[in-house]
Amino acid sequence: MDLKLKGKIAFISGSTSGIGFATAKNLLVEGMEVYINGRTSKSVSSAVKKLKNQVNGAKVFGLVADFNNPEEVRDLLNKLPEVDVLINNVGIYDSQSFFETSTEQWNDQVQVNFMSGVKLSQYYLQKMLNKNWGRIIFISSECAYLVPIDMISYSTTKAAMHALSRGLAQLTKGTEVTVNVIVPGSTLSEGAKDFLANKAKLEGVSQKEVEQTFFSDERTQSLLERFASVDEVSNPIIYLCSPLSIATNGSVLKVDGGSSGGIL
Ligand SMILES: NC(=O)c1ccc[n+]([C@@H]2O[C@H](COP(=O)([O-])OP(=O)(O)OC[C@H]3O[C@@H](n4cnc5c(N)ncnc54)[C@H](OP(=O)(O)O)[C@@H]3O)[C@@H](O)[C@H]2O)c1
């Protein structure tokens, strides 16, 4: 299927690894020009190199910026004045008790997970509306629905993202711009691998045991009963980037293996 993405420009926040990296790769395969992002020039240039090796003729560029640093975000926006597709992917998460989560940790998660999307959308949405084409995609999480007790701050930032996305979609009425949310479930990204390792350490068990009990004890509603691959999560992201997805706007697309349950 021709997704009609050739020549369009995308920016993906937090994309030197995981779901963001897989999405960059798949958009490059579609012939897009892709700007990836991470916090250090080392990680960004290594990811750019990897993508050039994986996709023939890839038009991929790196932008270094920590979304917890307002000056670096300002510099990033100055370097990339316009995009056709904005993927708000960057997200940080950890397993921690609500009572032990400091104000600083709350602020970090709000800045990186939520305010990054606010700042990028404020900058790019008006330009998309002016040219009457654009896609904004927010990468949420099953945690917005499940709210695990050890991830309350993270889940809160993801739930807020849903209201932001719906509000922005309402600003696109009558245009060819859309704003949507993708809800991944447990996905075997590099970040998730680290998360599992930390949890294993915290609980004094092996990583294998954590993985085995995760679906039997914690994600009991999962119909997939395994971690999704980063490509399995990125496929619907690529579809939402395409002009073919114009009738999907202000929506939430779950890619959670059924874990959040229910009918909504
Ligand atoms: N994996 C899952 O199971 C899962 C499930 C549901 C939702 N999600 C969501 O999906 C998105 C991607 O998750 P992932 O697991 O694929 O990510 P990941 O493997 O943890 O990758 C993290 C990426 O974010 C970048 N990053 C981290 N902090 C940053 C910051 N402050 N500023 C800029 N870049 C930063 C890292 O770049 P550098 O290291 O190069 O700085 C890296 O490229 C997140 O929003 C996450 O909440 C993930």
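1. Methionine 1 counts as exposed, because its relative accessibility is 83%. The cut-offs are these: buried means under 20% relative accessible area, exposed means over 50%, and partly exposed lies in between, with a 1.4 Å probe and protein chains only. Methionine 1 sits in the segment before strand S1 (9–12). Helices (H or I, at least four residues) and strands (E, at least two) are DSSP runs, numbered from the N terminus.

2. A word on the basis. This is a predicted model, in which local features need pLDDT of at least 70 and side-chain atom pairs count only at pLDDT 80 or more, while totals for chains, interfaces and linings use all residues. Residues are numbered from 1 along each chain as its sequence is written, and side-chain values use heavy atoms, with hydrogens and water left out.

3. Methionine 1 also belongs to a surface patch. Met1, Tyr239 and Leu244 form this nonpolar patch, with about 350 Å² of accessible area together. Patches take residues with over 30% relative accessible area and no salt bridge; like charges are joined within 9 Å, and nonpolar side chains (Val, Leu, Ile, Met, Phe, Trp, Tyr) within 5 Å. Accessible areas come from the Shrake-Rupley method with a 1.4 Å probe, and for residues only the protein chains shown count as cover.

4. Now the ligand. The ligand is surrounded by 32 residues, and the closest are Ser43, Asn89, Tyr93, Tyr154 and Ser189. A residue is near a molecule or strand if one of its heavy atoms lies within 4 Å of it. By class, the shell holds 17 polar, 11 nonpolar and 4 charged residues. Here Ala, Val, Leu, Ile, Met, Phe, Trp, Tyr, Cys and Pro count as nonpolar, Asp, Glu, Lys and Arg as charged, and the others, Gly among them, as polar.

5. Which residues place polar atoms by the ligand's oxygen atoms? Serine 189 has a polar side-chain atom 2.4 Å from a ligand oxygen. Threonine 187 brings a polar backbone atom, at 2.8 Å from an oxygen of the ligand. Glycine 191 puts a backbone N or O atom 2.9 Å from a ligand oxygen. A polar contact is a pair of N or O atoms within 3.5 Å; within protein, one must be able to donate a hydrogen and the other to accept it, and residues adjacent in sequence count only if both atoms are side-chain atoms.

6. Taken alone, the ligand exposes 900 Å², and the protein buries 91% of that. Helix H1 (18–29), strand S2 (33–38), helix H6 (152–170) and helix H7 (190–203) are the elements that give two or more residues to the shell. H7 gives the largest share, 3 residues.

7. Salt bridges next. The count is 9, a salt bridge being a side-chain nitrogen of Lys or Arg within 4 Å of a carboxyl oxygen of Asp or Glu. Lysine 131 pairs with glutamate 82, with the closest N and O atoms 3.6 Å apart. Lysine 131 lies in helix H4 (residues 103–131) and glutamate 82 in the loop between helix H3 (70–79) and strand S4 (85–88), so the pair ties together parts 49 residues apart in sequence. Lysine 131 is partly exposed at 33% relative accessibility. Glutamate 82 is partly exposed too, at 40%.

8. Lysine 131 forms another salt bridge, with aspartate 84, the closest N and O atoms being 2.7 Å apart. This pair links helix H4 with the loop between H3 and S4, 47 residues apart. Aspartate 84 counts as buried, because its relative accessibility is 14%. A polar atom of the aspartate 84 side chain also lies 2.7 Å from the backbone nitrogen of isoleucine 9.

9. Lysine 199 forms a salt bridge with aspartate 150, with the closest N and O atoms 3.2 Å apart. Lysine 199 is in helix H7 and aspartate 150 in the loop between H5 and H6, 49 residues apart. Buried or exposed? Lysine 199 is buried at 6% relative accessible area, and aspartate 150 is buried at 16%. Asp150, Lys199, Glu203 and Glu218 are linked in a salt-bridge network.

10. Two backbone angles deserve a look. Most residues other than glycine have a negative phi. Valine 147 has a positive phi, near 40 degrees. Valine 147 sits in the loop between helix H5 (143–146) and H6 and is partly exposed at 39%. Glutamate 225 has a positive phi as well, near 55 degrees. Glutamate 225 lies in the loop between helix H8 (207–218) and helix H9 (230–241) and counts as exposed at 58%.
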